[in-house]
There are 2 protein chains.
Amino acid sequence: MHSLRFTTETSSNGLVERDFVVGEVPGVLWSPVAGPDHAPLVLMGHGGGLHKKTPAQVARAHDLVTRWGFSVVAIDAPGHGDRPLSAEDEQTRADFRQALTAGDKERFKSISVRYGSSLAERAVPEWQATLDALQELPEIGTEAPIGYGGGVSLGTAIGVPLTAIEPRITAAIFGGGFFVYEAQLEAARRITVPIQFLLPWDDEHVDRQSALALFDAFASTEKTLHANPGDHRTIRWIGLDQEFLVRHLAPAGTSPA
Amino acid sequence: MHSLRFTTETSSNGLVERDFVVGEVPGVLWSPVAGPDHAPLVLMGHGGGLHKKTPAQVARAHDLVTRWGFSVVAIDAPGHGDRPLSAEDEQTRADFRQALTAGDKERFKSISVRYGSSLAERAVPEWQATLDALQELPEIGTEAPIGYGGGVSLGTAIGVPLTAIEPRITAAIFGGGFFVYEAQLEAARRITVPIQFLLPWDDEHVDRQSALALFDAFASTEKTLHANPGDHRTIRWIGLDQEFLVRHLAPAGTSPA
């Protein structure tokens, strides 16, 4: 087992940001400068082609830390962010460009499914190793409630199989914006924790029905689908339940800091 | 034009409930005992087989009145509540019973569509006459912002064609739980005001896809779909945006009373 090694630390406005590595995987942990131990921990999964400090993700992390006293962790997916590209990653990027240039939607979809599946297979054990290492930190330990706040796209393609086999995750935010394949539906059928599912209603590439089928597949008795018009890269969420993770992870009686 | 005649008045806990008639249509107006004139007015449409004072509807009305200072109006749909049954209503009820007993789903659907269409045709002008009459009251006038808070089922079957032709309605809550027919989709395509759409994910009788098609049809740039597991009669909404009407109808700066 790899332990977690912090590399840099900066703090501002009541929040401390610490970059770390677990083995070869670079990550970032955001936490309150001062707060009780064992606060809820939220795992954030970034979208395809992005990285662990994508601005939208940083903003959500800051809100969870400064408003609710949570900790938030993000890691770079394989071939993303600060990580080297494998030969497979390089080839896939070239294939994506070619399919887009040719306007070949079927080919774009089949590359996406194959690549998403490969990324998820590699990322799930990385997330588990990261969790193991984080739980070695005294301020987190095994007592901190854990949720997945992955959002749409690649974050969900990885988060669904992770949540299906990871009993430490007790609530999860997923969404559309990626091509759902059969293994995803099978994983979803094994998930019983509360789910918030965010669906961009109009996606340039992705079939809406497959996202609806994924929502349908979750075995959770508590699940909420939230859809707004727009594509997953440009969407503005309106009327969203911002307290989903707080309701499910925070000790009773928690109120905004 | 019929004017509005109040028949009974009771008040408790800061809320006054006044029954009224406009022509032959019985209704109820809930308002704050004391409050400024021209507060937002919400039209509530009850479900099929129910009536204007259905407990769930009364509870939502009380919340809007006591928490936000809104007025809420509900009327009995044709053949519902305190209204006489026409020969068509009697026949339709008998037809429904027969189709249910026979387990004939196609027949149940065709009766629902025919009856829903007939009810909507009769109810839309009744709502318009009720609005005309309410706007004669000095505390409402033509200045009060107006929203439709119809919820699922018959309330939406009536509310969609009403909102499509009624420019006084500037925000609306609709939902699934009824058989959507082509005229509903046509009406939805003419609606541009903000929409909150509530979808019971699992309905005993009603096809989910037709509700999704209705949501898709709204021309509104701001529309939100919210789904939870359950049938429209038993559903427990979770993580719902309770302030949708408040955001769209209340003057800026309004906060809970």
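**Entry 1. The strand pair across the two chains**

I took strands as DSSP runs of E with at least two residues, and helices as runs of H or I with at least four residues, both numbered from the N terminus. Two strands count as paired if DSSP finds at least two bridges between them. Within this pairing I noted that A227(A) has L225(B) as its bridge partner in β9(B).

I record here that the model is predicted: local features need pLDDT of at least 70 and side-chain atom pairs count only at pLDDT 80 or more, while totals for chains, interfaces and linings use all residues. Residues are numbered from 1 along each chain as its sequence is written, and chains are lettered from A and ligands numbered from 1 in the order in which they are written.

**Entry 2. The contact between the chains**

I then looked up the whole contact, to which chain A and chain B bring 14 residues each. Contact here requires C-beta atoms, placed from the backbone, to lie within 7 Å. On the side of chain A that touches chain B, strand β9 (residues 223-228) gives the most, with six residues. That side holds five nonpolar, six polar and three charged residues. In this division Ala, Val, Leu, Ile, Met, Phe, Trp, Tyr, Cys and Pro are nonpolar, Asp, Glu, Lys and Arg are charged, and the others, Gly among them, are polar. I found that 100% of the interface residues of chain A are also interface residues in chain B, so the copies meet through the same surface.

**Entry 3. The relation of the copies**

**Entry 4. Chain A as a whole**

I counted seven helices and nine strands in chain A. Its radius of gyration is 18 Å, close to the 18 Å that the globule rule gives for 257 residues, so chain A is as compact as a globular protein of that length. The radius is taken over C-alpha atoms, and the rule is 2.2 Å times the number of residues to the power 0.38. Along the principal axes, the C-alpha atoms of chain A fill a box of roughly 55 × 40 × 30 Å. Of its 257 residues, 44% count as buried. Buried means 20 or more other C-beta atoms within 10 Å of a residue's own, exposed 12 or fewer, and partly exposed in between, with C-beta atoms placed from the backbone.

**Entry 5. Hairpins of chain B**

Strand β1 (residues 4-12) and strand β2 (residues 15-22) of chain B pair in the antiparallel sense over eight bridges. In this pair, S11(B) has V16(B) as its bridge partner in β2(B). Two residues lie between the strands of this hairpin, where N13(B) takes a positive phi near 50°. Eight bridges also join β2(B) to strand β3 (residues 25-32) of chain B, again antiparallel. There V21(B) stands opposite P26(B) in β3(B).

Key:
Two residues are in contact if their C-beta atoms, placed from the backbone, lie within 7 Å.
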